Structure formats: structure tokens, C-alpha cells
Amino acid sequence: MSRKLMKGNDALAEAAVRAGCRFFGGYPITPQSEILEYLSWRLPEVDGTFVQAESELSGVNMVYGAAAAGFRAMTSSSGPGYSLLQEGISYIASAELPAVFVNVQRYGSGLGDIFQAQSDYWQATRGGGHGDYRMLVFAPASAQESVDLIALAFDKADEYRNPTMILSDASIAQMMEPVALPEMHEHDPNADWAVRGKQGGEFKRVTSTMYYIDDFDTYIKNKYDTMAENEQRWESVQVEDADLILVAYGISSRICKEAVESARSQGIKLGLLRPITLWPFPVKAFAEINPEVKAFLSVELSSLPKMEEDVKLACGMKAPVETFLGGANIPESSAIVERAVSILKEQR
Amino acid sequence: MSEKRIPKLLVEPNKFCPGCGHGIINRVVAEVLEEMGLAEQTVGSLAVGCACLMMDTFGADWIQAPHGRAAAVAVGVKRVRPECCVFTYQGDGDSMAIGFSETMYAAIRNENITAILVNNGIFGMTGGQMAPTSLPGQRTTTSPKGRDAELTGQPLNMVNQMKQLPIGYLARGAVSSAKDINKLKKYIKSAIETQMNGGGYSMVEVLSPCPTNWKMNMETSISHIENTVKDIFPVGEFVKNGERIDA
């Protein structure tokens, strides 16, 4: 397959179209705006619909309508804008509709800033909106993985009738890398649950499914338990004999990969565990690591430790879990190695 | 003797309070959709408030939107399924307070949907709080001494907000007399026709009584609409076939 040099956001947008996405309703915000811009001309080429909404509140509800009508639909945003999507996402989850949401993370709370960061881990993995729901959260670490995971996100959204999420960041989204794009996939919008007028059948009501399902509490817990069991994805790098295992996703994992290589060349046994799904967190990955591992280091681009909590839960605190916080600055791999060495010294 | 014929779309008796205007409006919408042969291809979008009681009794496909967002949901449906008849059915709190932006922008973009906005001057379902359409001096649970327009603003006239926009159809009707109900049916039919002919955005506001929260009986509610509400919210057609007309 031939490869093409593309910006992460553009590659993700093109891959969404090829995954059969035919509706996008969104609003500009840096650093995700290229997705919006790309789809504004690309969707009409495939008889799809692009709407620049008056707000994220409106955009997510257009996605709700298009998804209820059976079409593959998505929107994208970043930090402050993504917060505004959460009300609608809760409704879409509650109505058990498939849709895909992209958060190209930026730094900080409130307005924050447009730098790359991984500040929204809790918002993404803990539900975000109100009530009892979960989203599969995919974390790409390259433009190619943005392409691969957006297609998977649409498939899994359909499989579970549940919204799914791509948690990217400004670096992955803005840098240009070669990507191989898949063939065009056509999606059939005429699922039996899709609203399009009752067409001679019974009338359909798209609302919280709790009104119509017996023993809903058990049903919905089983749904999310099944996702948690079956959808864990990760990449492991030299974890079988590692004295210290770095845990990092997205852009942080790229630096950590370099750190592992550089440390190994100096005889320091680092490994890397890279979650590809953040919810469910890849707990199963921890079964394959060196049982004698001395410490974990969660490397995150935020000002508060967030993923660290999941690492602690996943490893059962069998070894100390430390955090390397980059804030809005991508660390040098040497700084990570240095920190790892100092942690290992303390463990002796 | 004339035959009592209930539209098939009304699959169960409505659940509104005695004397409420929603039942009449539901019936008028159902009659129009059936007479136009659109019952099988209609998708409605509603949110919360008294309107959501329709989901079980009015047998069209429905989507329940978050509070205020019914217009955005309707836009999502109509853009991907232009062959469907897509309408919102919303109260004044839903469409004009929390949903003002979604309601207005559907009109500003001249989206090819129909909005039926019920103006009863009150938040009904939540127990009678002040709405954007509450009249000056109107006692509600959040304006117990009467609405102070100096402090809370004048009643919101949505027709005035929309009539300068390049939309397809705009009218305000009422359910306070048989004559008004017949006119309302004509307005709703014109609105749906506008949509199905690709004529752009259509909105019909309906003045409707809420005896429960107005603390009035049915008869005084009706005369209140006739003698007071209509002075502030005049009825008639305001935009037709994309042309602004004098009401």
C-alpha cells in the first residue's frame, strides 16, 4: 500500500471518511481545527454532511440526531470545547447509539493553552458527563495509529452501540508523518433501530434505554464489564526483564520508547508499557511483565498525576509507582532515563 | 351525526393536566401529518418538560434531546435523511430559554425543519416557574410578587426575533377558540408543506393555556389568552413562502 505524508488531524479526518463517517457537526478550537476544516470540503465529496455548528453543545446534538438516524457520525474538539460535549455524550450513551468523539488534548484547566498535553485523562476515562456510562478510549501515538484507531472506534461503537473516543494530543495531531490509508468503507444506515419514520412498522423512541429494559442495572453493568474484559489493547516493549517499567500513551510514549532504547544501550533495564486503550486500562498487560520489577514510572504531560492511579490499581502496588510530569513540555528522553536511574537507586 | 375520528398517530390518550392546551396541539399535528400522508416518514425531536409526555402517546418516531437541544437533534436527522418530515415539539422554556441558541441558529441557517413551539408562559413540568414568555406582573413560583420586567426583562417574542430572517414560514396561532384551532391547523399544515417542498425553516408558535400553573380554571385560562396574552403575542402569519407579510 502506498504511503502519503499527512498531518495527524488530516489523516484522522480522511480515515474517518473512509470508515464510512457521513456526518460531522463541530466548532473550531485549536489544536483540532484541521479535522473540522478537512471534513468541511471532504464530506460533501462523498455525499456526506458537514455542519459548522454555533457551539459544541449544538454540534454534539446534531451528531446525536444523525447517529439516531443510523449514520456514522462524529465530532471533534479540544479541552474546553470537549467539556461542552459531555452533556450530549451522556445522552448518546444513555440512548445506546454509536458515535465517535475526538479530543485533541491541550494544556490546562479553564482556557489553559494550546500546547500539547495530556490533561484530560480523567475526563476521558472516568465518564466525563453525568450518570453511569463508559466510553472506549483509544490513544493514538502516531498519525498512522490515528488512521487505524478511528476506523476501530467506529466499528466498536457499532458493535457495542456506545459512543467511543479518540484521545489524541496536539503533537500527534499537528505533526506530519507518512500514513497508509485504508480503502473506502460504505456503511449501511438502515439498521432496524434507526429513526426514519416508522415506515409501516412500530414507532421508535430514542431516549434513555433504561425505560424499556428489564433489570437495567444488571444489563448495563454487564455491557461495560464485557467491554472492560474484551477491549484492552496495549503495546509492550522489553517488559519481560525490565527493572523499571515506564507507562505512557500518545506523544509521551514516543519519548519513552527512545528512553528505553537509550537506557538499554547503557545497560539499564527499562521497559515500556503503552496503553492503546485508556478505558479499559490494559490491566492484562501487567500479567506479562517481569515479576521482579522494582518500580513503575507513569510519564504524563499534565500538571497533576492522573494515569498514575490506574497504574497503581493495575499493578496492585506490588512495586512503587512514581510519576514523571511534563506539564505542557515534552521531556527529553535523557531526563526520563535520569529519573528512572534515580528511582532504581532508591529501590536498592 | 358526524363521526368521531381520532388520528391513528394518537395511540393512547394523552397524559396532560385537565384543561391543558397540549392535547389539542397534539391532535392538530397528528391530523395534519395523516392528512398529508406523512405519518410513516415523520421523525419528531423533543426534549424535556410537558412535551416529553408525547413520546408514549403520539406514535411517530421520536428522539428525546437534552433540554433545549431539540432543534440541533432535528437538524442532525434532517441533514442525513432529507426525505423524512422532521419537526421539533417544544415548550417555551425549552426552546426560548436554555435552547434559545439552538432554536435561533436552526432558523438563521434556514434549516429545512419545522419547529412547533408551545407558549404557555410558564415552566409547566417543574411546577410553574417564570419562563421567558411570562407576562409582566405574572405570578409564578420564582416571581411570587409578579414578574418585574425592569429586573427580568420583557417577555420574549420569538416571532419578532425570527421574522427578519430569510426563513420559509412563520406563524403564531392559539387554541383558545374553535376558530383559532382551525387557523392553527392551517398554519401547521403550511409549515410542514414548506419543509416538504424544501422551502426552508418553518416555525409555528402556539399560545396555549396552563390552568394548573396559572392557578385558573379552564374558562378563565381561555379568556386570559383572548383578553391579555394575545395583546402581547399577536396571532397570525408573519412569513409565508419566504416572504415577510403583515399579520
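A strand and its neighbours

Modeller: In chain A, strand β12 (residues 244–247), helix α9 (residues 250–265) and strand β13 (residues 270–275) form a β-α-β unit that is right-handed (with the strands pointing away from the viewer, the path from the first strand over the helix to the second runs clockwise). Helices (H or I, at least four residues) and strands (E, at least two) are DSSP runs, numbered from the N terminus. This is a predicted model, in which local features need pLDDT of at least 70 and side-chain atom pairs count only at pLDDT 80 or more, while totals for chains, interfaces and linings use all residues. Residues are numbered from 1 along each chain as its sequence is written, and chains are lettered from A and ligands numbered from 1 in the order in which they are written.

Take β12(A) itself. Leu244(A) and Leu246(A) lie on one side of the strand and Ile245(A) and Val247(A) on the other, and all are buried, so both faces are covered (buried: 20 or more other C-beta atoms, placed from the backbone, lie within 10 Å of the residue's own).

Next, its partners. β12(A) pairs with β13(A) in the parallel sense, over 4 bridges (two strands pair if DSSP finds at least two bridges between them). Here Val247(A) stands opposite Leu273(A) of β13(A). β12(A) also pairs in the parallel sense with strand β15 (residues 295–300) of chain A, again over 4 bridges. In that pairing, Ile245(A) has Phe296(A) of β15(A) as its bridge partner.

Conventions. Buried ≥ 20, exposed ≤ 12 C-beta atoms within 10 Å, placed from the backbone.
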